[in-house]
Amino acid sequence: MAHPRLTPRVQRRAALAASGWVALAATALPGGSPARWIPVLAFVVLAPGLALLLPQPLGLRPGARLEALALAAPVSLSVATLVATTLFLAKAFSLTLFLVVLALFVSVVAILPGVPLPAATRGAVERDGARPAGIRGLPFRVPRSRTRGAGGGG
């Protein structure tokens, strides 16, 4: 019986969902070890934002990929701040509970389609075959700039 192949998109979503649980498992390592804090830091700073932004239904163009990556960190930190604040207000904050809540959030959100990005369809990246706005598109004539000679006179 043939096994269904996982598409790269599904593999990325699964890796994103698993990243939180890997970060949580890394907390069992000795304190201060880079093998402990690097996965946790990378997960908290990038994973929630990537889970929210990257599973786009039609994929992303190169400019939109850069936009999503640049936007992932502030969105991730915002989600992490909301989770941490909620846990502090509930007087239940601990690193373990914080990572469990974030890992659950990322696991659920990675399944859903991403938040639409403006550059995915227009804006920062011109569509293929689209004519860039230039002088020909203006309804009036733009005078050409004149360069002065070496004498500087007018």
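This section describes the helical arrangement, a surface patch and selected residues of a predicted model. Residues are numbered from 1 along each chain as its sequence is written, and side-chain values use heavy atoms, with hydrogens and water left out. Because the model is predicted, local features require pLDDT of at least 70 and side-chain atom pairs count only at pLDDT 80 or more, whereas totals for chains, interfaces and linings use all residues.

The chain contains four helices and zero strands, in the order α-α-α-α from the N terminus. Helices (H or I, at least four residues) and strands (E, at least two) are DSSP runs, numbered from the N terminus. Of the 154 residues in the chain, 27% are buried; buried denotes under 20% relative accessible area, exposed over 50%, and partly exposed the range in between (1.4 Å probe, protein chains only).

Two packed helices are described by the angle between their axes and the distance between the axes. Axes are lines fitted to C-alpha atoms, for helices over the stretch in contact, with angles from 0 to 180 degrees between N-to-C directions. The axes of helix α1 (residues 8-26) and α2 come within 9 Å and cross at roughly 150°. Helix α1 is therefore roughly antiparallel to α2 (angles over 145 degrees; under 35 is roughly parallel, 65 to 115 roughly perpendicular and the rest oblique). The crossing of α1 and α2 is left-handed, the near helix being turned anticlockwise from the far one by less than a right angle, and clockwise if right-handed. Between α2 and helix α3 (residues 62-89), the packing angle is about 110° and the axes are 6 Å apart. This places α2 roughly perpendicular to α3, and the crossing of α2 with α3 is right-handed.

Helix α2 (residues 34-53) includes Ile38, which counts as partly exposed because its relative accessibility is 45%. Together with Trp37 and Leu41, Ile38 forms a nonpolar surface patch with about 310 Å² of accessible area. Such areas come from the Shrake-Rupley method with a 1.4 Å probe, and for residues only the protein chains shown count as cover.

Ala110 lies in the segment after α4 (95-109) and is classed as buried because its relative accessibility is 1%. Ala110 and Leu53 are separated by 57 residues in sequence and by 9.2 Å in space, C-alpha to C-alpha.

Lys91 occupies the loop between α3 and α4 and, at 78% relative accessibility, counts as exposed. Most residues other than glycine have a negative phi. The phi of Lys91, by contrast, is positive, near 55°.

Methods. Patches are made of residues with over 30% relative accessible area and no salt bridge: like charges are joined within 9 Å, nonpolar side chains (Val, Leu, Ile, Met, Phe, Trp, Tyr) within 5 Å. A salt bridge is a side-chain nitrogen of Lys or Arg within 4 Å of a carboxyl oxygen of Asp or Glu.
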